[in-house]
Amino acid sequence: GDGDDGAPDVFVIAYAKTPPRREEEEGLSAFVSDVPIKRPRFATVKSVNYLNNVLLAGDARRRGVDVGVFATEDGCVGEAPGANLAFLTADGTLVTPSREDVLAGITIARLKELAEKRENAAALAAVGVRRFDDTARVSPDVPLAARECMLVGSAVNVRGITSWNGTVVGDGRVGPATKLLARLLWRDMLAGTPRLERPIVF
């Protein structure tokens, strides 16, 4: 809205951000931190309280790791600061933690829509993606056994995670599914899709 003098009091700055080529090719390192995740009641609320995220990012920086990950109260995989996580399992399921404990990200929701579009099915099957599951409790063993791990969010698009708690993920390189999903999402952004086909209910 306008301030008392009629001047706007909200400013938005938009700019193109290109990740370093090292991260695109070699991927990111991630670890599960002991910084507590927001309680479920607050995890599903979009707010400006980023204290936990700041603490987690600081923990990752101190450890020399790219991405810190929250664990849920029952020890399952949660989310990263400002981004969701997805894992491609051996049976071709692209699984992401359920929204009970993590913020329902708009980017991961759109990625699900793209993954379920008929016109993308053949390309996704060629890189091993057969279905999308956003209802699961993701155990700590899932990332270690995954063929690919990825970070998904509006600030990062889709980025490969190639090291999890010091263990190499898959073959240690950003995988073909991660690269394809990143391309699908980027093309979708450039096309200017006006809204989610299935709005998120918070």
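Buried means under 20% relative accessible area, exposed means over 50%, and partly exposed is in between (1.4 Å probe, protein chains only). Helices (H or I, at least four residues) and strands (E, at least two) are DSSP runs, numbered from the N terminus. This is a predicted model, in which local features need pLDDT of at least 70 and side-chain atom pairs count only at pLDDT 80 or more, while totals for chains, interfaces and linings use all residues. Residues are numbered from 1 along each chain as its sequence is written, and side-chain values use heavy atoms, with hydrogens and water left out.

**Stop 1: strand E6**

Select residues 148-153. This is strand E6, and six of its six residues are buried, so the strand is largely enclosed by the rest of the structure. In a regular strand, side chains alternate between the two faces of the sheet. Colour the two faces of E6 separately. Glu 148, Met 150 and Val 152 are on one side, Cys 149, Leu 151 and Gly 153 are on the other, and all are buried.

Now look for the neighbours. Two strands count as paired if DSSP finds at least two bridges between them. E3 and E6 pair antiparallel, over five bridges. Pick Leu 85 and Leu 151 together: they are bridge partners. E6 and E7 make a hairpin, with three residues between them.

**Stop 2: two asparagines with positive phi**

Stay with E7 and select Asn 157, which is found in this strand. Its phi is near 60 degrees, a positive value in a residue other than glycine. Is Asn 157 buried or exposed? Asn 157 is buried, at 16% relative accessible area.

Move on to Asn 165, in the loop between E7 and strand E8 (167-168). Asn 165 also has a positive phi, of about 55 degrees, although it is not a glycine. Asn 165 is partly exposed, with 44% relative accessibility.

**Stop 3**

Select residues 106-115, helix H4. The helix is mostly covered, as nine of its 10 residues are buried. Among them are Ile 108, Leu 111 and Leu 114.

Now show the side chain of Arg 110. Side chains of opposite charge can pair when their charged atoms come close. A salt bridge here is a side-chain nitrogen of Lys or Arg within 4 Å of a carboxyl oxygen of Asp or Glu. Which residue forms a salt bridge with Arg 110? The partner is Asp 188, with the closest N and O atoms 2.8 Å apart. Asp 188 lies in helix H7 (residues 176-191) and Arg 110 in H4, so the pair ties together parts that are 78 residues apart in sequence. Both ends are covered: Arg 110 is buried at 8% relative accessibility, and Asp 188 is buried at 12%.

**Stop 4: Arg 137 and its two partners**

Select Arg 137, which is partly exposed at 38% relative accessibility. Its side chain meets that of Asp 74 in a salt bridge (2.6 Å, N to O). This pair links distant parts of the chain, 63 residues apart: Asp 74 is in the loop between strand E2 (67-69) and strand E3 (84-88), and Arg 137 is in the loop between strand E5 (131-136) and helix H6 (141-145). Asp 74 is partly exposed too, at 47%.

Glu 100 is exposed, with a relative accessible area of 53%.

For one more group, select Asp 59, Arg 62 and Arg 63, which are linked in a network of salt bridges. By this rule the model has eight salt bridges.

**Stop 5: a nonpolar patch**

Finish at the surface. Select Val 48, Tyr 50 and Val 54, which form a nonpolar patch with about 320 Å² of accessible area together. Val 48 sits in the loop between helix H2 (40-43) and helix H3 (51-63). Val 48 is exposed, at 78% relative accessible area. Patches are made of residues with over 30% relative accessible area and no salt bridge; like charges are joined within 9 Å, and nonpolar side chains (Val, Leu, Ile, Met, Phe, Trp, Tyr) within 5 Å. Accessible areas come from the Shrake-Rupley method with a 1.4 Å probe, and for residues only the protein chains shown count as cover.
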